[in-house]
Amino acid sequence: MGKTISPGRNRRPARTRRGFTENPDGSYATPGRGLEVLDNPLLNKGTAFTPAEREELGLNGLLPAAVETLEEQARRAYTQYLAQPGDLRKNIYLTALQDRNEVLFYRLLSDHLSEMLPVVYDPTIAQAIEGYSHEYRRPQGLYLSVDDAAGIERAFANLGPGPDDVDLIVASDAEEILGIGDWGVGGGAGIAVGKLAVYTAAAGIDPARALAVALDVGTDNERLLNDPFYIGNRHSRVRGRRYDDFIDAYVSAATARFPGAMLHWEDFGPSNARRILERYTGRLPTFNDDMQGTGAIVLAAMLGAARVSGTPMRDQRIVVLGAGTAGIGIADQLRDAMVRDGLDPREATRRIWAVDRQGLLTDDMSGLRDFQAPYARPASEVTGWLRDAREDGIGLAEVVGRVHPTMLLGTSTAHGAFTEEIVRAMAAAVERPVIFPISNPTSRIEAMPEDLIRWTGGRALVTTGIPVAPVTHDGLTHVIGQANNALLYPGLGLGVIVSRARRISDGMLQAAAEAVGSMADVAEGAAPGASLLPPVGDLREVSATVAVAVARQAAAEGLARVDLPDPVQQVQDAMWQPRYRPVRGT
């Protein structure tokens, strides 16, 4: 396993937070008194305020007499959590807890991370987003409207923090929320807040130095537009030049106000996601998890599969089912890995076959997106290939039969698309077929791991996008790794923050992927059946290891804006911990 890095705290000069000041010794000082203190979730300790703090901050009579520890509060909160009827109510309970006491929320989440991650984020957050307007209680982050683009700078100014007080901003326009599509302002706010919760729980990103932004450009969801409780802009999605100008205004205001912050883009539609990323990548530290994060975590698993199978990256033949933003983003990173392993870019691209709804992408197709075009095969190459009678395209079965891929990747959300016939045909030509059905949730996965292992006689190397139990076949237990982006992006963000990187390079993404892969059991030649990825339960350790690798790579490429004499210790010092600090009055 990779080196465990214990958490710590960075001792910095006094700085202004949201309603209080953090002193060099880690204590907080606030001018607030009474209910004003209790209403600040970053300050509030509830029954953990000491008698001296209660006296100084005007809390006497506003709290019960008992003075409890954080540990006692966390035990009570966990009991309350378990009493909730179903995952959606558990999500609502945790959101309410975060709204009133951030430290207790993150302590509870950290103590039960594997159990609660699917509740605070995917898949339960999709249900919470669908009811966002009906469950709305208080604002979450910043809401920016395309109908008031001129007010973006004023909105940032209203936040209060200064230029050195925010490290990370997660923004979404909510066009493609998980598997549920366009969910307007609630989707943007909900997904950004959920993403930040994972950043903090997994990598210790200080919640007071992170910001969620909902980019409200309207919605094409008729259900929302006709909902009397909907709290976003009531018009269709703005597109084209006006949309681009709005994004430019957001980026300009965000970088002017917080010049060192990393900008994370989440759940943008395919027509916008790649264009936005390419526009800003060379200018500032910016990251799209759907494209880059998914690609990097799949690459991490693929590097492990290459070690197990003995087939180097330059010799892989990869078929991707689902040529959207995620599928092509993964293809890009696999292609780059093949280039690093000795292929020229053109040959590496030709070792990837992309199949979408219309079949195998070919250069005579109309309507190909710009990011799909590099992977379109010459039409002359597939003359004589069997075409699907219903779609008039070349289907997955024909592609697998012709190509004999070493890797089959699923990002199609087409349940059951990896049929027994297709998988057996692949396994007949490849000794250790690599099969990654990473679509989620379970209702959308291309094939279940137990079937893949049975159809290949136990030879398949499998990673999924959902958590699944180990599979036993012929007496051998196969541990199925989950290609969960949470294994990668929190550590990437922490490494960017620690190094103050000017931008996020391909080399930094590669370093992150290799760091994740290094922590899988297969990296140490473990017994057959070992997972290709580390368990999600090790998120804190994985994130620290990834952060060190990313910071070192940033320094090696000359992208770090600070000296990194001891990146291991600097990462340790930067990881925020959910513990109560002394609070004093001013």
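## Sheet

Two strands pair if DSSP finds at least two bridges between them. In this predicted model, strands S13 (residues 434–437) and S14 (residues 461–464) are joined by two bridges and run parallel. Val434 stands opposite Leu461 in S14.

Both strands belong to an open sheet of seven strands. The order is S11-S10-S9-S12-S13-S14-S17, with mixed pairing. Strand S11 (359–360) and strand S17 (481–482) are the edges, and each pairs on one side only. Helix H14 (residues 289–309) packs on the sheet. H14 touches strand S12 (407–410), S13 and S14, and its direction makes about 160° with that of S13.

## Helix crossing

Helix H4 (residues 87–100) and helix H6 (residues 113–120) have axes that come within 9 Å and cross at roughly 95°. H4 is therefore roughly perpendicular to H6.

From H4, the contact uses Asp87, Lys90, Asn91 and Leu94; from H6, Met116, Val119 and Val120. By class, that gives four nonpolar, one polar and two charged residues.

## Aromatic pairs

The whole structure holds eleven aromatic pairs. One of them joins Tyr250 and Trp265 edge-to-face, at 5.7 Å centre to centre and 85° between the planes. Tyr250 sits in helix H12 (residues 240–257) and Trp265 in strand S7 (residues 262–265), 15 residues apart. Both Tyr250 and Trp265 are buried.

Trp265 also pairs with Phe268. Their ring centres are 5.4 Å apart and their planes lie at 75°, so this pair is edge-to-face. Trp265 has 2% relative accessibility and counts as buried. Phe268 is buried at 4%. Tyr250, Trp265 and Phe268 belong to one aromatic cluster, together with Phe156, Phe258 and Tyr280.

Key: Residues numbered from 1 in each chain as written. Predicted model: local features only at pLDDT ≥ 70, side-chain atom pairs only at ≥ 80, totals over all residues. Heavy atoms only, no water. Helix = DSSP H or I, 4+ residues; strand = E, 2+ residues; numbered from the N terminus. Contact = heavy atoms within 4.5 Å. Axes fitted to C-alpha atoms, helices over the stretch in contact; angles between N-to-C directions. Parallel < 35°, antiparallel > 145°, perpendicular 65-115°, else oblique. Nonpolar A, V, L, I, M, F, W, Y, C, P; charged D, E, K, R; others polar. Phe/Tyr/Trp six-rings, centres within 6.5 Å; stacked < 30°, edge-to-face > 60°. Buried < 20%, exposed > 50% of the residue type's maximum accessible area, 1.4 Å probe, protein only.
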